[in-house]
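Visitor: Hi! Could you walk me through this one, and start with the terms you'll be using?

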Amino acid sequence: MRGGVTLFRAGGGNAARAYLERDHARADDYYLAEGAGLADRTVFDGASDVVARDVLTGDEYEAWVDWDDPLTGENRGTPRTRKEVDPFTGETLETASSPRFAEMTINVDKTLSIAAAVNPDVSAALDAAMRDAADAMGAYMAFHSRTRIGPLGAQRLVPVEQLEQAAVVHQTSRAGDPHRHIHLQWNTRVYAEGKWRGLDTATTFRQQGALRGIGEAVIGSHPQLREALAQAGFTFDAKHGLVEELTPFAGGMSKRAVQITKNRELLERDWRKSHPGQVPGPELVRAWDRQAWSLDRPDKKPTELSTTERWMAELAESGYTAPVVPSSVTVTRIADLDRAEIARQTVALVSANRSAWSVADLQDKAAHLLAQTGLLAERAALGELLEDITARAANRCLSLADPADGVMPDSLRHLTSPDVLQLHDDLSRMLHVRGQTLGLDRVLDPLTVGGLPLGEQQQAAVEAMAGTHQLTVVEGAAGAGKTTALLAAKEQLESQSRHQLIVAPTLKAAQEAGRATGSQASSLHRLLRQHGYRWNAAGTWSRLHPGELNEHGRIYSGPSAEFTLSPSTQIVVDEAGMVDQEAGRALLQIADEAGASIVLIGDRAQLSAVGRAGFLDLAARHAHTVIDLDQVHRFVTPDGNPDLSYAALTLKMRTRQTPDQVFDELVKRDLIRTHTTTEEAEQSIAHAAAADLAANESTSLTVPTNRDATRVNAAVREELVTDGTVDDKETTLGADGLRIGRGDLLMTRKNDTTLGVANREKFAVVDVHSDGRLTVAGEDRRRITLEAEYVQAHTHLAYAVTDYGNQGATTGTSHTLVTDRMSAGGGYVGATRGRTRNTLHFIAVDLDDARTQFVELMHRDPETQSLDAARQKLRDQVTGLDLTTPAQRAAITRAAAEQLTPAERARQAAAASFPQPATPATERNAGPARDRWQPPAKKAEPERDR
């Protein structure tokens with residue numbers, strides 16, 4: 001399963017219904033428009049039991065989204081509203097701002113959707129498996145969801161007593177290809193302690209990994225689905241969740257679907273030009289579907305083929321032949337599993353990319369591991385197994401929480417492991433020794449680079465790097481001139497007969513720094529590999545010593561001369577914020593052995609490591625010399641002068657200060673765009689980018705996910721083809737399924753020393769060869785011919801990329817699509833790429849909604865930092881919460897009473913003798929604390945001391 005929790009806040013029930021009816025192909029629209037129901041509603045109690053099920057019509061679904069009981073009309077709350085003044089009429093308007101529901105999408109690999117499309121038994125079984133997954137995820141939500149009750153500073157996280165879920169099933173993607181998925185929505189009004197209250201969505205977000213893992217495990221282990229696949233002759237790959245026989249055809253079907261969608265959009269666009277203000281009817285839409293499928297097929301005529309028949313025709317033309325003999329099923333039973341070993345692997349997986357984790361994180365990893373075993377199990381038995389393995393994994397962990405704070409909820413990241421603690425201690429010790437080895441700055445006359453004087457902070461950074469420090473940390477805001485300072489430092493080192501070796505977490509970043517400075521450059525992993533380090537299956541570094549055999553059976557003889565270190569070597573780590581802790585420890589080890597000095601250059605406000613981050617954070621704590629470059633030089637006004645006011649705004653984004661005020665300033669500078677739909681936002685970004693590119697203005701487009709990038713890239717390319725910038729006659733296909741022609745911009749996604757390309761390197765397409773090869777030109781003007789196999793597997797269009805793809809880039813303008821899938825670091829990266837203009841795009845009902853999203857963005861930093869940062873994060877989260885159990889609160893009351901004087905006790909007794917009015921809150925009992933999903937057995941779990 002892909003995707004996480006999102007909050008729907010773009011209007012009320014009518015907008016939610018339109019959103020659902022837009023997220024699939026036209027063929028599905030007919031069911032929604034003409035069928036009897038829109039959504040399946042399930043009502044759970046707090047013990048995760050299903051207490052009611054029904055099917056909601058479109059109108060009933062809208063009422064449910066609007067917080068009304070869809071059957072009785074009872075109102076369950078009023079959404080918060082914001083007031084704003086219409087700039088044209090001066091009228092004060094009110095708009096709703098509360099999220100109406102939290103949503104996750106249950107989806108499967110494309111091959112499973114295709115198998116369901118071609119075989120009715122597989123279709124029925126997949127539907128059953130996905131609905132069981134929806135029930136399991138709903139049960140987990142009902143049992144683990146919380147609402148906050150009490151005054152600020154003493155709030156309790158209270159279990160919910162009723163939670164409602166809506167499920168909307170779609171069989172196609174918006175492109176029209178097979179794509180089974182369920183929109184699973186949890187209403188943000190829940191019942192607890194006598195009234196309807198707001199769902200604590202912070203808890204929901206922290207549980208999204210566990211929800212995703214549960215859904216994946218239920219589908220992958222579903223007996224009916226596995227049997228149906230086997231009877232149809234299909235082989236199910238449990239590790240990857242796909243059908244092996246259909247894997248070669250999935251990509252082609254997706255690529256064809258993209259073209260069909262484009263054809264359909266062109267037909268609709270032409271019709272709307274001739275029929276302004278009219279709405280096409282179902283029969284006309286069906287005709288467009290048929291024509292779109294037949295276009296680009298001169299020997300085919302529009303037919304009355306059903307959607308399934310068209311899919312079958314696509315497969316047949318690709319060479320697909322349906323299996324005729326059932327396949328065998330390799331069965332793994334619960335009794336065959338080593339629960340202790342899976343628990344150990346669970347902890348190893350969860351600790352690979354963070355220093356602290358929650359019980360929900362453990363359940364996420366345990367569920368994924370179970371799904372990959374090929375297990376066959378009914379949902380109830382699977383739930384019991386998952387609970388047991390999660391509990392075993394939790395018992396292998398240590399808690400960072402203060403016992404006095406109470407019982408930690410399963411959603412809070414308070415757990416760690418002995419290995420993580422050991423790594424933290426190793427790093428702290430090694431960095432402390434370097435930091436305490438005091439060196440001296442080299443005092444220099446004012447320096448210039450390229451005829452321009454260095455700023456005061458840049459000068460200080462150069463003097464530190466040219467000095468005798470063993471550990472120097474240089475942090476710098478985006479556009480603060482870190483590379484310029486690095487170049488000046490290199491010249492100073494050479495005058496001392498010292499050698500500068502630049503490494504970076506990615507080869508692309510290292511190459512860019514190397515080209516800018518003329519220094520030797522390499523990826524950090526290549527340097528570590530030269531010194532014997534290997535990344536092993538356990539997720540840690542192991543090390544070869546000279547004379548030992550490597551993984552190829554050859555004798556390892558040590559690093560080559562190019563990578564031999566000495567006391568005269570200065571290892572400069574660029575983009576050091578993206579170095580994970582394991583790699584950081586290995587780097588310190590080889591530098592200590594050689595006596596080499598280390599300079600770390602990066603910015604903790606930008607993107608962090610994909611693995612366990614926090615290395616730069618620890619280094620900054622222990623280094624004697626830490627220099628922060630916050631004099632930003634990148635941004636210019638339209639007339640070419642330094643844009644100091646925008647530079648100041650980016651510094652506030654960097655420190656996450658006053659995001660609401662920053663947003664208002666961005667509005668004043670006309671850098672905020674709001675859109676009603678994702679499609680509208682993507683088209684707007686594409687249109688603006690195409691205009692910049694056609695005017696020879698470089699631009700960068702930053703989006704949250706690869707899927708967003710594919711859609712925006714397709715839209716940009718269509719604009720460029722229309723205006724003649726890109727040739728669409730001779731093309732080939734990239735890994736994203738989009739066409740690539742002469743004039744296109746593409747990105748390579750795999751390091752290849754033979755071709756001379758790096759991951760995330762961008763190239764312009766110069767020529768498309770008939771055999772699928774591409775001749776491309778790099779930013780350094782070198783020309784390379786990429787083989788057809790590499791093009792199809794490891795390239796895609798690069799007009800829009802994720803934040804990791806754009807970090808380090810500088811262009812004329814930039815556009816950033818902001819959604820709740822983007823982190824604060826990603827938003828900061830996107831807003832600082834353009835020299836002259838940086839526009840942020842939101843899917844929002846109004847500016848107030850966009851402001852709320854921006855504030856949330858600036859507080860959405862990934863929780864993958866050092867152990868110290870994890871401890872502080874936990875302290876911040878529990879501050880103001882009363883997490884004590886009723887027994888603990890009673891003990892505290894008794895202890896306080898024992899401290900009272902006899903007179904004080906008498907006064908309290910007298911006050912208690914007066915009758916008190918009964919209230920729903922005092923009459924209800926919240927019951928025992930529950931922090932485990934137990935669908936099969938509804939029994940309270942004893943409290944455990946962490």
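Guide: Happy to. Two strands count as paired if DSSP finds at least two bridges between them. Helices (H or I, at least four residues) and strands (E, at least two) are DSSP runs, numbered from the N terminus. This is a predicted model, where local features need pLDDT of at least 70, side-chain atom pairs count only at pLDDT 80 or more, and totals for chains, interfaces and linings use all residues. Residues are numbered from 1 along each chain as its sequence is written, and side-chain values use heavy atoms, with hydrogens and water left out.

Visitor: Great. In strand 35, what is the bridge partner of L746?

Guide: That is L797. Strand 31 (residues 745-748) and strand 35 pair in the antiparallel sense, over three bridges.

Visitor: And what order do the strands of that open sheet have?

Guide: The five strands run 34-33-32-31-35, with antiparallel pairing. Strand 34 (783-786) and strand 35 (795-797) stand at the edges with a single partner strand each, so one side of each has no neighbour in the sheet.

Visitor: Switching to helix 22: how far apart are its end C-alpha atoms?

Guide: They are 17 Å apart, which agrees with the 16 Å that its 12 residues (644-655) should span at 1.5 Å a residue. The expected span is 1.5 Å times one less than the number of residues.

Visitor: Which residues of helix 22 are buried?

Guide: Y646, A647, L649, T650, M653 and R654. Buried means under 20% relative accessible area, exposed over 50%, and partly exposed in between (1.4 Å probe, protein chains only).

Visitor: What do the buried residues of helix 22 pack against?

Guide: Among the partners are strand 19 (471-476), helix 23 (659-668) and helix 29 (847-858); contact means heavy atoms within 4.5 Å. Just after helix 22, R656 takes a positive phi of about 65 degrees.

Visitor: New topic: is E682 buried or exposed?

Guide: Buried, at a relative accessible area of 5%. E682 sits in helix 24 (residues 678-694), and its side chain makes a polar contact with that of R711 (2.7 Å). A polar contact is a pair of N or O atoms within 3.5 Å; within protein, one must be able to donate a hydrogen and the other to accept it, and residues adjacent in sequence count only if both atoms are side-chain atoms.

Visitor: Last one: where is W64?

Guide: W64 is in helix 3 (residues 58-65) and is buried, with a relative accessible area of 0%. Not counting residues up to four places away in sequence, W64 touches several residues, including R41, P70 and W186. The C-alpha atoms of W64 and R41 are separated by 9.5 Å, with the two residues 23 apart along the chain.
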